[in-house]
Amino acid sequence: MKIGILGNGQLGQMLAASVTDLTDLEVSLYDLRTHEESKLTAFMNSVDLVSYETENIPAEIVSQMEAVEDKVFPSLKALKTFQNRLLEKNALRAAGIATADFHAVNSLADVHQAIEKLGLPIVMKTTTEGYDGKGQFVLRKPEDAEAAWEAIGHRELIAEAFVPFQRETSVIASRDRDGNINIWPMTENIHHEGILRYSLYPVAELAPEKVEQAKRYIRDLANDLDYVGTMTLELFETEQGLVANEVAPRVHNSGHWSIEGTEASQFRNHMLALSGKTLGSTDAKYASVAMVNVVGEEDSSLKADGISNAYRHSYGKEARPARKLGHITVVADSVAERNQTVEELIDVIPEGVWKAS
Ligand code: AMP
């Protein structure tokens, strides 16, 4: 069976690498950056299944994918829903999942209406194409409304009520073609300047009701959309419970720990799900795991090479500020042991950002 992945970045590469032992699966990657219409048609016609490593796929490519809709997984409906923050919020609400209150913004007058409806602060985001905190603005004072509207470039926006969260977490699941769902243990995700810097398993002292809530959320959402493949739900933890931030219709950076940390990785289960095979177990193999991103400077990650419980992944990219160049996964029999190892790698994490204890 031939599987074609749109996108040949690190996620596409890790998807391909996850099934190299399965000789009946042949994976090829399509470079979205050198896209040409005829090249994409030929690519999609040459494979049995089409998947994608990113939801940031331009509209003209999405409409080209419609010609082969039956072999696209996750479905085009899922892709289109999660490409657009308004459609995404509506899908979340329809599945009974808590989200921030929100208001569509298409003009400066709408910004003022949003302030009235939601109060301040509000987070303004472009409805499409935002990632790693790009295309966002936190509006704290009414007099900054115009500056926010200017700064974000008069685009189609969504204004969200600011969620006073305690922690950011995510839950990832794979759903197969028969509707079976395997869910990975949750992680706590720590960002710095809009970029994920590390994820921790387990989430320290997470109430069992919240774990159940996260599982219910992702199960209901995946079932509602008849979703096939790996899906990620980013969740704010608040005192009242979990509030969904956003959904990625794909494998996610906060799930990279699953390569070494769980029986089957998020990548492998994605490929198994679309190709109609049985999903692997998502059980953790270690008591404690950390996934630390290497951002901007590749050299610092070299330190991981001498450490036996640290696995270094390099994406083979040129160093550039704020660019994700690789990640290091630390596995351990205890939280204390994990933290000690991460602290040996601490220069991969910006000063003051490591706060596990
Ligand atoms: P996003 O691109 O939607 O994942 O947002 C990037 C980051 O901005 C999140 O990881 C949060 O730290 C923060 N953020 C986004 N939306 C909200 C919100 N409604 N309330 C508070 N913080 C938010």
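Begin by selecting the ligand and the 14 residues around it, of which Lys-125, Gln-136, Val-163, Glu-168 and Glu-246 come nearest; a residue counts as near if one of its heavy atoms lies within 4 Å of the molecule. The model is predicted: local features need pLDDT of at least 70 and side-chain atom pairs count only at pLDDT 80 or more, whereas totals for chains, interfaces and linings use all residues. Residues are numbered from 1 along each chain as its sequence is written, and side-chain values use heavy atoms, with hydrogens and water left out.

Glu-160 places a polar side-chain atom 2.9 Å from a ligand nitrogen atom. At Val-163, a polar backbone atom is 2.8 Å from a nitrogen atom of the ligand. Select Asn-245 to find a polar side-chain atom 3.0 Å from a ligand oxygen atom. Of the 470 Å² of accessible area that the ligand has on its own, the protein covers 88%; such areas come from the Shrake-Rupley method with a 1.4 Å probe.

Colour the strands S5 (122-126), S7 (157-161), S12 (229-238) and S13 (241-248), which are the elements that give two or more residues to the shell around the ligand. Helices (H or I, at least four residues) and strands (E, at least two) are DSSP runs, numbered from the N terminus.

Follow S5 and S7 into an open sheet of four strands, ordered S4-S7-S5-S6 with antiparallel pairing; strands pair if DSSP finds at least two bridges between them. At its edges lie S4 (102-105) and S6 (136-139), each of which pairs on one side only. Five bridges link S5 to S7, and Thr-126 stands opposite Leu-157 in S7.

Contact means heavy atoms within 4.5 Å, and angles run from 0 to 180 degrees between N-to-C directions of axes fitted to C-alpha atoms, for helices over the stretch in contact. Helix H6 (residues 108-118) also lies across S4, S5, S6 and S7, at about 175 degrees to S4.

Finally, move to the open sheet S2-S1-S3, whose three strands pair in parallel. Its edge strands are S2 (26-30) and S3 (49-52). Strand S1 (residues 2-6) is joined to S3 by four bridges, with Ser-51 in S3 as the bridge partner of Ile-5.

How values were computed: A polar contact is a pair of N or O atoms within 3.5 Å; within protein, one must be able to donate a hydrogen and the other to accept it, and residues adjacent in sequence count only if both atoms are side-chain atoms.
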